[in-house]
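Keep the structure open as you read.

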Amino acid sequence: MSDTATPRPALIPPHIRSHLVGLLPGRADLTPLRTSWRRDLIAGVTVGVVALPLALAFGVSSGMGAAAGLVTAIVAGLVAAVFGGSNVQVSGPTGAMAVVLAPIVAQYGTQAVVAVSVIAGVMLVAAGALRLGRVVVYIPWPVIEGFTAGIALIIALQQVPLALDAASTPGEKTLQAAVDAVRAADWTHAWLPLSVTLGVVLVIEVLRRVSRSVPGALIAVVVATVVAEVAGLDVSRIGALPDHLPLPSVPGIDLGILHELAAPAVAVAVLAAIESLLSARVAAGMAPTGRVLPDREVFGQGLASIASGLFGGMPATGAIARTAVNVRAGARSRLAAITHSLLLAGVVAVGAGLASRIPLSALAGVLIATTLHMVDVREVRALLKVGRSTAATFVVTIACTVLLDLITAVEIGIVLAAFFALRALANTTHVDREELPGWPAPGDEHIALLRVNGSVFFGAADRIMDDIADIDAWVVVLRLSKVELLDPTGAHRLAEIVQLLEARGVTVLIKGLRTKHERMAARAGVLEALRTREHQFDDLEIAVAHARSHVARQLAGQPVPRRRR
């Protein structure tokens with residue numbers, strides 16, 4: 001018996017343990033603080049000022065109420081800043097999430113959204129642990145742009161009832177609700193809140209042109225609130241806000257409908273992952289703010305949504321607009337996003353009473369002004385110039401976003417983009433007949449040297465089969481060295497071509513089959529379909545010489561060997 005103890009295998013493999021440890025905060029998160037903490041504090045205050053009206057507005061827009069939006073910005077913003085995968089990401093309630101949550105609130109109530117927030121958060125934590133954070137790379141450019149434009153349209157339409165102080169039917173489609181609000185509006189009164197909304201939009205746009213560093217949304221809301229108070233305008237207000245953060249608690253929910261919330265939770269989780277990763281990617285492209293860690297970002301957003309739900313808030317995502325403001329203000333570390341959350345917590349502690357007097361129509365103006373800049377016009381112009389398929393994908397994604405729902409729109413957009421991509425890939429696949437190398441020999445007209453170019457896959461296999469099967473020759477040499485992709489369908493069709501030609505008495509030679517394709521070709525029966533394994537070549541001259549020997553025997557009236565392997 002050996003004195004040396006056999007080491008026990010680790011419960012968690014080293015590479016998995018390293019990945020899980022990488023999802024947690026580390027010393028690297030503190031590195032930028034050494035040189036940027038002053039700028040980070042200033043940036044955090046700037047973002048907090050910008051985020052205040054947006055948090056209130058998105059809370060109202062979602063149906064959860066202004067207080068829920070504020071709680072989400074504070075709690076989720078703080079947790080995501082610490083645990084997320086970007087140094088400068090600012091998280092909180094967003095317009096896209098408000099669009100998804102509104103029908104859930106209408107159907108199940110606000111407590112259901114709290115439960116959905118926790119469930120979706122758990123899904124995101126699991127996604128980060130399972131290395132699923134790179135999902136955003138599979139979303140095509142026209143789908144992202146169409147998705148963003150569609151969200152902008154929905155957010156703008158959602159503000160129509162608020163801008164007219166009109167009641168809306170819970171659960172009604174956004175477009176229909178906007179149309180009904182305009183039809184049912186009492187214009188003897190509706191002109192007043194509409195004027196407040198348009199005035200806020202005007203002030204924000206003017207201040208934006210003066211300087212991007214000016215918090216136009218906050219100034220516009222303050223001006224609208226002061227005017228409404230001084231003039232005693234009869235417009236709807238936000239109402240009471242909490243003067244402190246609620247204690248965390250497990251959301252109370254009817255267990256009978258818990259299974260019904262699974263699908264909404266998946267939608268929320270997918271949207272949170274997509275929007276957060278897109279926002280982090282945009283931030284990384286704006287300034288040298290450090291590498292984005294996709295898995296950690298998804299993991300951190302999951303923890304943020306869980307925390308937000310426990311405090312009575314809503315699911316959070318990375319916010320592109322607030323993150324962009326953060327980067328432009330000079331942020332380089334997580335201190336900026338943390339400062340933004342602490343500033344909003346201070347507003348809850350000392351300014352809740354004042355904020356309760358803000359007109360709802362003023363918040364509608366803030367969101368309408370936000371939608372005007374959600375879509376980059378230059379990006380859209382460039383997209384439309386690329387081609388009709390790209391433009392079609394963009395337009396269809398917008399329509400599906402507005403008329404159906406966000407997740408369905410992304411799914412349809414991806415499928416449509418994939419269809420056009422496969423069609424374009426299939427169009428690059430073709431078969432060319434080439435001249436035989438070397439000096440001409442008797443019977444060369446009976447040899448077809450065919451080069452297959454491109455990808456032999458399910459989208460192009462039938463066309464390739466038609467091009468080759470119609471060849472009139474005694475010997476066909478298939479040059480496959482330029483085949484970039486060979487999928488099971490393409491390999492199966494290739495085997496059928498060889499079988500068809502051999503059945504007609506045509507000798508088939510294969511030259512240049514790549515090593516990476518040999519296993520697929522063998523499994524699909526391509527090599528088995530050859531008359532003999534000796535009909536597979538690596539050298540073109542040897543393959544052509546072999547073809548000429550076959551033709552020479554036939555011209556001499558000698559029998560052609562028919563043996564198989």
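The largest cavity is lined by Val456, Leu480, Val483, Leu486, Leu494, Leu513, Arg514 and His517. A cavity here is a set of points, on a 1 Å grid over the protein atoms alone, where a 1.4 Å probe fits but cannot get out; lining residues have an atom within 4 Å of a point. Rolling a probe the size of a water molecule over the atoms shows where empty space is left. The space in the largest cavity is about 40 Å³. That volume is the space filled by probe spheres set on the points, with grid points joined across faces, edges and corners. The count comes to 1 cavity of 30 Å³ or more. Its lining divides into 6 nonpolar, 1 polar and 1 charged. Ala, Val, Leu, Ile, Met, Phe, Trp, Tyr, Cys and Pro count as nonpolar, Asp, Glu, Lys and Arg as charged, and the others, Gly among them, as polar.

The model is predicted: local features need pLDDT of at least 70, side-chain atom pairs count only at pLDDT 80 or more, and totals for chains, interfaces and linings use all residues. Residues are numbered from 1 along each chain as its sequence is written, and side-chain values use heavy atoms, with hydrogens and water left out.

Now to the helices, which are DSSP runs (H or I, at least four residues) numbered from the N terminus. Start with α2 (residues 33–62) and α3 (residues 66–83). Their axes lie 6 Å apart, at an angle of about 130 degrees. Axes are lines fitted to C-alpha atoms over the stretch in contact, and angles run from 0 to 180 degrees between N-to-C directions. α2 and α3 are therefore oblique to each other. Oblique covers what is left after under 35 degrees (roughly parallel), over 145 (roughly antiparallel) and 65 to 115 (roughly perpendicular). The crossing of α2 and α3 is right-handed; that is, the near helix is turned clockwise from the far one by less than a right angle, while anticlockwise counts as left-handed. Leu52, Ala55, Leu56, Gly59 and Val60 of α2 meet Ala66, Gly69, Leu70 and Ala73 of α3. Contact means heavy atoms within 4.5 Å. The contact residues divide into 7 nonpolar, 2 polar and no charged.

Next come α10 (residues 262–286) and α11 (residues 294–310), whose axes come within 10 Å and cross at roughly 130 degrees. That makes α10 oblique to α11. This crossing is right-handed. Ala273, Ser276 and Leu277 of α10 touch Pro294, Glu297, Val298 and Gln301 of α11.

How do α6 and α15 pack? Their axes are 11 Å apart, at about 135 degrees, and α15 spans residues 377–386. α6 and α15 are therefore oblique to each other. α6 passes α15 in a left-handed crossing. Trp141, Pro142 and Glu145 of α6 meet Glu379, Ala382, Leu383 and Val386 of α15. These residues divide into 5 nonpolar, no polar and 2 charged.

Stay with α6 (residues 141–163), which holds Leu157. Not counting residues up to four places away in sequence, Leu157 touches Thr174, Leu175, Ala178 and Val402. Leu450 is 293 residues from Leu157 in sequence and 59 Å away in space, C-alpha to C-alpha.

Technical notes:
1 Å grid on protein atoms, 1.4 Å probe; cavity = no way out; pocket = protein on both sides within 12 Å on 5 of 7 lines; lining within 4 Å. Helix = DSSP H or I, 4+ residues; strand = E, 2+ residues; numbered from the N terminus.
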